[in-house]
Amino acid sequence: MANTVSGSVADINHTTHVMGRAFRVQFKEIKYGGKLKSVEVLDDASVQTIVQVRLSDVKLMINRTNVQGARQHASCGPIEMKLGTLRDLVVEFEVKRNKDAELTLVDSKLKLDSDNLQIGAPRWVQAQGIGMNNSNVANGLRSGLNSNLPLLKRLLSAELPKVFRQIEDQIAGKVSATEKVSAPEVVNVAELPTH
């Protein structure tokens, strides 16, 4: 049974504009990891169930970043992001049970607020071209990531099915436990004594 989640994310290609100039940004070799803190059943319907998962100590590492402009180029590495710095990172999974009590993931949602993450500076930077120095590149990447919460949410939301598979046993255990507690006692009419 997994008490941690981890994985890698596909490279991201992103275009940004700085002072009227277009730059192509590539985030490469992205990995994440965190601890499973709790699993709670929020809404247990007869077929579909909503399960809330809380993760702590979640880190996202972008091992390499390339920035390419018309006459400028920069490379840097690793940028570490800490997610859930003020509050646990909350994920909601909507699951469906079949007749064999096996779970299928229907939908997943990530709650990520701008005040609940921290983005570090790259550990090293190599910059070339007019107006491109190490400090400008480092600050630009940090502010760009900070201001692009939708990109981060899309990136992480795409990983949620993999996270679900890693902790599926814990989720299934909680769902089946809820079933046992909340299921009404069924009386078979054919077995009732007749007088």
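Which residues line the second largest cavity? The model is predicted, so local features need pLDDT of at least 70 and side-chain atom pairs count only at pLDDT 80 or more, while totals for chains, interfaces and linings use all residues. Residues are numbered from 1 along each chain as its sequence is written, and side-chain values use heavy atoms, without hydrogens and water.

The second largest cavity is lined by Ile12, Phe27, Leu60, Ile62, Met81, Leu145, Leu151, Leu152 and Leu155. A cavity is a set of points, on a 1 Å grid over the protein atoms alone, where a 1.4 Å probe fits but cannot get out; lining residues have an atom within 4 Å of a point. Strand S4 and helix H2 (149-157) each supply at least two lining residues, and H2 gives the most, with 3 residues.

The whole structure holds 2 cavities of 30 Å³ or more. The largest cavity has 14 lining residues, of which Tyr32, Leu55, Leu89, Leu156 and Val163 lie nearest its centre. Strand S4 (48-68), strand S7 (89-97) and helix H3 (160-166) each give two or more residues to this lining, and the largest share, 4 residues, comes from S4.

| Cavity | Volume | Lining by class |
|---|---|---|
| Largest | about 150 Å³ | 12 nonpolar, no polar, 2 charged residues |

Volume is the space filled by probe spheres set on the grid points, which are joined across faces, edges and corners. Helices (H or I, at least four residues) and strands (E, at least two) are DSSP runs numbered from the N terminus. Ala, Val, Leu, Ile, Met, Phe, Trp, Tyr, Cys and Pro count as nonpolar, Asp, Glu, Lys and Arg as charged, and the others, Gly among them, as polar.

How values were computed
1 Å grid on protein atoms, 1.4 Å probe; cavity = no way out; pocket = protein on both sides within 12 Å on 5 of 7 lines; lining within 4 Å.
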